[in-house]
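Colleague: I have just opened this one for the first time. Could you walk me through it?

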Amino acid sequence: MKHLRLCAALFSLPILASAQANTSRWYDHAVIYEIYPRSFQDTNGDGIGDLNGITARLDYLKDLGIDAIWITPFFPSPNLDFGYDVSDYTNVAPEYGTLQDWDHLVAEAKKRGIGILVDFVVNHTSDQHPWFRESRSSRDNPKRDWYIWKSGGGPTEPPTHWTSIFGGYTWSWDEKTQQWYYHIFLPQQPDVNWGNPGLRKAMMDVVRFWLNHGASGFRLDATPYLFEDPAFPDDPHPPAAGGPAALEPYNSGRPENHQVLREMRQILEGYPGNPVLLGESSTATIEDLAKVYGSHHDEIQLPMDFLFGNLKVLVAATFKKQVDAAELQLGGQTPVFFFSSHDHPRQWSVFGDGDHNDQIAKLTAALTLTQRGAILMYYGEELGMATMPTAELKAAPLGPKRPRADDRDGERTPMQWDASTNAGFSQGTPWLPVEANFATYSVEREKKDPESIYSWYAQLLNLRHKDAAIRDGSYVPLESGNVNVFVFGRRATSKETALIVLNTSAQEQTVHITGMGSKWPSFSRVLMASPAASAPSSAEFTIAPFGVLIAWSNP
Ligand code: GLC
């Protein structure tokens, strides 16, 4: 890291309207690392990752510098949606281990200062869950009302023509009891009825169960869909007409959601250590996202910003617009930025241009990890793991370990630990093939290379921990005068400000920064830069293609 002084004109920084971070809670600046447990580390040679594999790699995660882990579902499941069809909320699927393995993992993680979030699938269960088996056994079963049943117009006419997110109608006909049940996802994922007090209590007991087992919180799956309009009005755009799956205000973002989330939050508040709710809370607008925090900030502390996560073209001005909106319109709450997940293609493949992929990976890392708020990382993004191309996936055989192909398989390939067989993921045959780039993009190789993507991430995460401005500082919106360059500040105190400059184009760009007041900061040094650069000595300077510059001033 270079320490260069800024020599030129001495400028002071104005107080700008920006959200001040609440620094009292760990999750307000946390980096949360998502692990798809099936693909992280296999310790028993069955080709499927397991909880003990995560425990075995905790030192790696500690060294990398993450604060918490979100593990996608590891509960017993028929795996039609790879764990998101839960058949037992309070147990561990045999392929992932046992509850004892979970307890061991939590204890070991805690020793390293790492919290673990459980993925709670709150909207639906598997059709194999005992609750649904009971519910479908007869119309007068006590659990009938734990799910959503309607007669519609008989076997050929569903109650509404709403479209499921996974295609087809949101209704499936049950021959035995001669009614339709509702599912916004697969027919094997019936929606639970949160309006039923018994179901509600059972779900809240699941929350207590995992908190009692040491969870630091939950990632809440599919939160917008908990309730439907009780009148079930019909959809003017049925599936045949390509109608939208989420029908606000009928089955998405219903006002009833708030009470459930408040109740859940209250349970968390009764536990020590500030457990957190991280929400899969996709919204159409920033105003709607603001509501997910709760009108008294008493619901989801960390709703994921899908308006940011869904940006798939690397244009500085677009990202600036989104970050500015989050900072200025979320009422000072903690934003949650991310690029990739088990549902989203890997950022390496989305943003890489084929010529500058490593540099672009460093740029996108800086784009999230220098922001105020909680940042999500997806396992392997710190290596430059790629989305496996569909043609290669098609060639990979289906079998008991991979009963069906999923169009998200490409971003779920095994973690790339080293250059050995199966990239060090498994001694057996992996459930999904390893991505072809593993010889170059692996933990083993990249840890030895100070210029690697891994080393860049490790430095960024280290900076985020130790630098008060980057960790907790308020966001200072700045203008670069150039649509290809995103510039902003992070200010811890009136004296300490970090300047972040990101060029999202393949050409060198000139910026003229405004918004910092009349004087350029007097003292500055480069905290990180790629490629290497000096601290800018005036408001006008150039930045390299896909360049990143993080400079610091302390007059
Ligand atoms: C969420 C999960 C996704 C799953 C769906 C249904 O969107 O992230 O993987 O398929 O919910 O549970």
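**Around the ligand**

Modeller: The ligand is surrounded by 13 residues, and the closest are D81, D221, E280, H342 and D343; a residue is near a molecule if one of its heavy atoms lies within 4 Å of it. Please keep in mind that this is a predicted model, in which local features need pLDDT of at least 70 and side-chain atom pairs count only at pLDDT 80 or more, while totals for chains, interfaces and linings use all residues. Residues are numbered from 1 along each chain as its sequence is written, and side-chain values use heavy atoms, with hydrogens and water left out.

Colleague: How many residues of each class are in the shell around the ligand?

Modeller: The shell has 7 charged, 3 polar and 3 nonpolar residues, where Asp, Glu, Lys and Arg count as charged, Ala, Val, Leu, Ile, Met, Phe, Trp, Tyr, Cys and Pro as nonpolar, and the others, Gly among them, as polar.

Colleague: Switching to the whole fold, how many helices and strands does the protein have?

Modeller: There are 15 helices and 18 strands, both being DSSP runs numbered from the N terminus, with helices (H or I) of at least four residues and strands (E) of at least two. The radius of gyration is 24 Å, close to the 24 Å that the globule rule gives for 555 residues, so the protein is as compact as a globular protein of that length; the radius is taken over C-alpha atoms, and the rule is 2.2 Å times the number of residues to the power 0.38.

Colleague: And S420, where does that lie?

Modeller: S420 is in the loop between α12 (390-395) and α13 (443-447). With 35% relative accessibility, S420 counts as partly exposed, a class that lies between buried (under 20% relative accessible area) and exposed (over 50%), using a 1.4 Å probe and protein chains only. The C-alpha atoms of S420 and A439 are separated by 8.2 Å, and these residues are 19 apart along the chain.
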